[in-house]
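Subject: Model for your review

Hi,

Here is the model I promised. Please have a look before we talk.

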Amino acid sequence: MIVKSAEFVCSNTQVSKLPAPTKPEYAFIGRSNVGKSSLINMLTNKKGLAKTSQTPGKTQLINHFIINDEWYLVDLPGYGYARISKSKKEDWNKFIRFYLDKRESLQCVLVLIDSRHEPQKIDLEFCNWLGEHGLPFVIVFTKADKQSGVKTDQNVAQFKKALLQTFEQMPDYFITSSENKLGREEVLAFIDGVNKGFTASPLERG
Ligand SMILES: Nc1nc2c(ncn2[C@@H]2O[C@H](COP(=O)(O)OP(=O)(O)O)[C@@H](O)[C@H]2O)c(=O)[nH]1
Ligand SMILES: [Mg+2]
């Protein structure tokens, strides 16, 4: 896929105010600081599209971007902040889970995992929740430039092993770096492939 255009569309705090579900949509999510904003900027070739390193946990917004006038890239608030209150965390859960569960045009959730770390409980729990709700997802390992390929492969293998305790097979996954654009073509080709199979019929679905 060649990214010809990438524009911010809207930020929402309410699922009822999202754009009409007429285009295939992909949600990007992960722990705070996982490299989500950097990945979005890297994929779209637009440096300031998603803001990097904002104060975490401040806003709970669903951000829509339109790519090539064809599909929506959705930037979801990160999970796993150490410093926010329990009630804030519960709000996050309700809000995001409601969106993920109800959004009919959502094609796939891209779960970002920091390739530097061993499997983290909160990431595994989130993947399990997606699985339980029948939501398709892929794993995007981030920041692969930060360590050797051997170390990345070890962490990927460990994550696989952990996921396979609850899943029958490993979902598709990508190893990426926003620093050197590793994985860019692969992620975009994956989205392109899913887009080709998309048929929007929101009226029929009621
Ligand atoms: N070396 C390296 N640093 C990265 C990469 N992706 C993100 N970072 C850095 O990690 C920090 C958090 O990135 P950001 O995109 O803001 O993460 P977010 O909180 O998930 O949106 C920033 O300092 C980024 O520059 C990457 O692929 N390689
Ligand atoms: Mg960010």
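This is a predicted model: local features need pLDDT of at least 70, side-chain atom pairs count only at pLDDT 80 or more; totals for chains, interfaces and linings use all residues.

Residues are numbered from 1 along each chain as its sequence is written, and chains are lettered from A and ligands numbered from 1 in the order in which they are written.

**Overall fold**

The chain has six helices and seven strands (DSSP runs, numbered from the N terminus: H or I of at least four residues, E of at least two). Their order is β-β-α-β-β-α-β-α-β-α-β-α-α. The radius of gyration, over C-alpha atoms, is 16 Å, close to the 17 Å from the globule rule (2.2 Å times the number of residues to the power 0.38) for 206 residues, so the chain is as compact as a globular protein of that length. Buried residues account for 30% of the 206.

**Helix α5**

Helix α5 covers residues 184-196. At 1.5 Å a residue (times one less than the number of residues), its 13 residues should span 18 Å; the end C-alpha atoms are 19 Å apart, which agrees.

Arg-184, Val-187 and Ile-191 are buried in α5 (20 or more other C-beta atoms within 10 Å of a residue's own; 12 or fewer is exposed, in between partly exposed; C-beta atoms are placed from the backbone). They cover an arc of only 80 degrees around the axis (directions from the helix axis to the C-beta atoms), which puts them on the same side of α5. The face turned away from that buried side carries the exposed Glu-185, Ala-189, Gly-193 and Lys-196.

Best wishes
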